Amino acid sequence: MKSYGQLCSIARALDVVGDRWTLLIVRELLIQGPSRFGEVQRGLPGIATNLLTQRLRDLEANGVVTREPSPSATGAPTYRLTERGMALDGVLRELLKWGAPTVPEAPPEAIFQMHWLSQPARFLLQDHRPSEPAVIIRFGTLDDGLDLTAAKGAVAVRPCGSDTNPNAGVTGPGPVLVALLQGAMPLELALANGVRIDGDASALTRILPPAR
């Protein structure tokens, strides 16, 4: 790996996670939890297989990721973040906040995957009706989505579970959903622009920020 060669903690950190794709690999493992190679790659459209292999090796060598062999001889190993890797959650949160104003300027051909909303949902949404019974809202599908639980004033996000029975399901175009979660678009306008709610719509309004 190349190094900046500077006695500076920022430069030292960038020696480890400053290469292209590296922090997005961390994003995938933060969202999905322990994942096989193919599962990480599905969340990184455009990355070459050999480059992902190298990035994972570099992260493993620097104590950010650990690789666990499959119990079966023919199974794929699982990659998970170490405690040091999990500590990058705060770094990604600040990058998310810093980059949020640029999202509306993304090109029309920009790729979107629903599970990428997991981080904005964790950081931007709140349970505004904590005295009500818990609700689960599914964004997307089992193949690409997230389950958000609002309960007792807190919001929790995890990958979609096949054994979960959501109160509401939400689908729609990526740019519209991002604007909705950021409070940049009211729900009525989001519905008019392709967002669909199946089930209890009040579950969604319970966690949305006030539209600016």
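Where is the place of Lys 152 in the chain? Lys 152 sits in the loop between S5 and strand S6 (154-158), where helices (H or I, at least four residues) and strands (E, at least two) are DSSP runs numbered from the N terminus. This is a predicted model, in which local features need pLDDT of at least 70 and side-chain atom pairs count only at pLDDT 80 or more, while totals for chains, interfaces and linings use all residues. Residues are numbered from 1 along each chain as its sequence is written, and side-chain values use heavy atoms, with hydrogens and water left out.

**Overall form**

The protein chain contains 10 helices and 8 strands. Its radius of gyration, taken over C-alpha atoms, is 19 Å, close to the 17 Å that the globule rule gives for 212 residues, so the chain is as compact as a globular protein of that length; the rule itself is 2.2 Å times the number of residues to the power 0.38. Along its principal axes, the C-alpha trace spans about 50 × 40 × 35 Å.

Of the 212 residues, 40% count as buried, a term that means under 20% relative accessible area, with exposed meaning over 50% and partly exposed lying in between (1.4 Å probe, protein chains only). The chain exposes about 12,000 Å², of which carbon and sulfur atoms supply 54%, the areas coming from the Shrake-Rupley method with a 1.4 Å probe. Among contacts (heavy atoms within 4.5 Å) with a separation of 6 or more, 59% are accounted for by residues 24 or more positions apart.

**The two nonpolar cores**

A nonpolar core is here a set of buried Ala, Val, Leu, Ile, Met, Phe, Trp, Tyr and Cys residues joined through side-chain atoms within 4.5 Å. The largest such core has 27 residues, of which Phe 139, Leu 148, Leu 181, Leu 204 and Ile 207 touch the most other members. At least two residues of this core come from each of strand S4 (135-140), strand S5 (145-151), strand S7 (168-171), helix H8 (174-182), helix H9 (187-192) and helix H10 (201-205), and H8 gives the most, with 6 residues. A second, separate core of 19 residues includes Val 26, Leu 56, Val 64 and Leu 88. In soluble globular proteins, nonpolar side chains tend to be buried together.

Ile 207, not counting residues up to four places away in sequence, touches Leu 125, Gln 126, Asp 127, His 128, Ile 137, Leu 148, Ala 150 and Val 155.

**Helix H2 and its ends**

Helix H2 (residues 22-32) is mostly covered, with 8 of its 11 residues buried; these are Thr 22, Ile 25, Val 26, Arg 27, Glu 28, Leu 29, Leu 30 and Ile 31. Leaving aside its neighbours within four places in sequence, Leu 30 is in contact with Leu 81, Met 86, Asp 89, Leu 92 and Gln 119. Leu 30 and Asp 127, by contrast, are 97 residues apart in sequence and 22 Å apart in space, C-alpha to C-alpha.

Trp 21 is found in the loop between helix H1 (9-17) and H2, and its phi is near 85 degrees, a positive value in a residue other than glycine. Just after H2, Gly 33 takes a positive phi of about 80 degrees. Lys 152 also has a positive phi, near 55 degrees, and is a residue other than glycine. Most residues other than glycine have a negative phi, and most peptide bonds are trans.

**The segment after H10**

Arg 206 lies in the segment after H10. Not counting residues up to four places away in sequence, Arg 206 touches Gln 126, Asp 127, His 128, Arg 129, Pro 130, Glu 132, Pro 133, Ala 134, Val 135, Ala 150, Ala 151 and Lys 152.

Ala 211 also has its place in the segment after H10. With residues up to four places away in sequence again left out, Ala 211 touches Gly 183, Met 185 and Pro 186, and its C-alpha is 8.1 Å from that of Gln 182, which is 29 residues away in sequence.

The table collects relative accessibility for residues discussed above.

| Residue | Relative accessibility | Class |
|---|---|---|
| Arg 206 | 1% | buried |
| Trp 21 | 13% | buried |
| Leu 30 | 16% | buried |
| Ala 211 | 44% | partly exposed |
| Lys 152 | 78% | exposed |
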